[in-house]
Structures are given as C-alpha cells and as structure tokens.
Amino acid sequence: TKSMGDLITDAMMEATDYEYDGVQGKAHVGITRSGEYLTKRHKKLLATLLQLSDKRKLDVTLIGHSLGAGAATIAAMNMMNSDQFARDIRNGGDKNV
C-alpha cells in the first residue's frame, strides 16, 4: 500500500471477475491490477533473460507478503494462463515441452 488511493482500494475489498485455466471466479480488484502490472512490467525482462541464458525455459519464483503475496499469485497465474507468456517465457517457444 503506497498511497491513500491504494489504501482505499485495499479497504473497499471490491471484487472483479477473474478466470484461471477455464475456471470463473472473483478476485480482489487491487490485487488483480497489481498482478497484471507485475506480469506486464517483467515480461520483456524475463524474455531477455531466457534469450541470454541459452536455456529452453526459466524457473521463476514469485513471492510476496500479505497483499503482495496475492499480487504475486495473480501474476504467476496470469503468466501460466497466457499463451504468449507460456510460449515466450515458460518453455522457450516450444509448446510441447
């Protein structure tokens, strides 16, 4: 929680629709936005690291505490749920791995 706006978003506990692996549900709107931000912000970096490593895939561990743990979880699910991320990051372009 970095600002008064973040505090209000956290306290409102507003839910938003969220889908993972074909399952529909609800998630905290602030945590969802933070998770989406993490995914977008680090996608290019992870792709660069994968390319520089000469490996077929990267093992990435996302961690956080409290609301950060929720954001890390949403980011991880978004990465695993994204065809683009899975192809570019998770297994180095080979969808059969």
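This is a predicted model: local features need pLDDT of at least 70, side-chain atom pairs count only at pLDDT 80 or more; totals for chains, interfaces and linings use all residues.
What is the handedness of the crossing of α2 and α3?

Residues are numbered from 1 along each chain as its sequence is written, and side-chain values use heavy atoms, with hydrogens and water left out.

Let me begin with the overall layout. The protein chain has four helices and two strands; helices (H or I, at least four residues) and strands (E, at least two) are DSSP runs, numbered from the N terminus. Along the sequence their pattern reads α-β-β-α-α-α. Of the 97 residues in the protein chain, 23% are buried. Here buried means under 20% relative accessible area, exposed means over 50%, and partly exposed lies in between, with a 1.4 Å probe and protein chains only. Turning to contacts, meaning heavy atoms within 4.5 Å, I consider those between residues at least 6 apart in sequence: 53% of them join residues at least 24 apart.

Now to the helix pair. Two packed helices are described by the angle between their axes and the distance between the axes. For α2 and α3, the angle is about 55 degrees and the axes are 7 Å apart. The axes are lines fitted to C-alpha atoms, for helices over the stretch in contact, and angles run from 0 to 180 degrees between N-to-C directions. The two helices, α2 and α3, are therefore oblique to each other; under 35 degrees counts as roughly parallel, over 145 as roughly antiparallel, 65 to 115 as roughly perpendicular, and the rest as oblique. To answer my opening question, the crossing of α2 and α3 is right-handed, a term used if the near helix is turned clockwise from the far one by less than a right angle, with anticlockwise being left-handed. On the α2 side the contact includes I31, T32, S34 and L46, and on the α3 side it includes L67, G70, I74 and M79. By class, this contact of α2 with α3 has nine nonpolar, six polar and one charged residues. Ala, Val, Leu, Ile, Met, Phe, Trp, Tyr, Cys and Pro count as nonpolar, Asp, Glu, Lys and Arg as charged, and the others, Gly among them, as polar.

Which residues does T32 touch, leaving aside its neighbours within four places in sequence? They are T16, Y18, A27 and I74. T32 lies in helix α2 and is buried, with a relative accessible area of 4%. A76, in helix α3, is partly exposed at 28%.

I turn next to the loops. Most residues other than glycine have a negative phi. D21, in the loop between β1 (15-20) and β2 (23-28), has a positive phi near 55 degrees, and counts as exposed at 61% relative accessibility. D54, in the loop between α2 (29-53) and α3 (67-81), likewise has a positive phi, near 60 degrees, and is exposed at 72%.

Finally, the salt bridge count comes to one, where a salt bridge is a side-chain nitrogen of Lys or Arg within 4 Å of a carboxyl oxygen of Asp or Glu. The partners are K26 and D17, with their closest N and O atoms 2.6 Å apart. K26 is exposed at 60% relative accessibility, and D17 is exposed at 53%.
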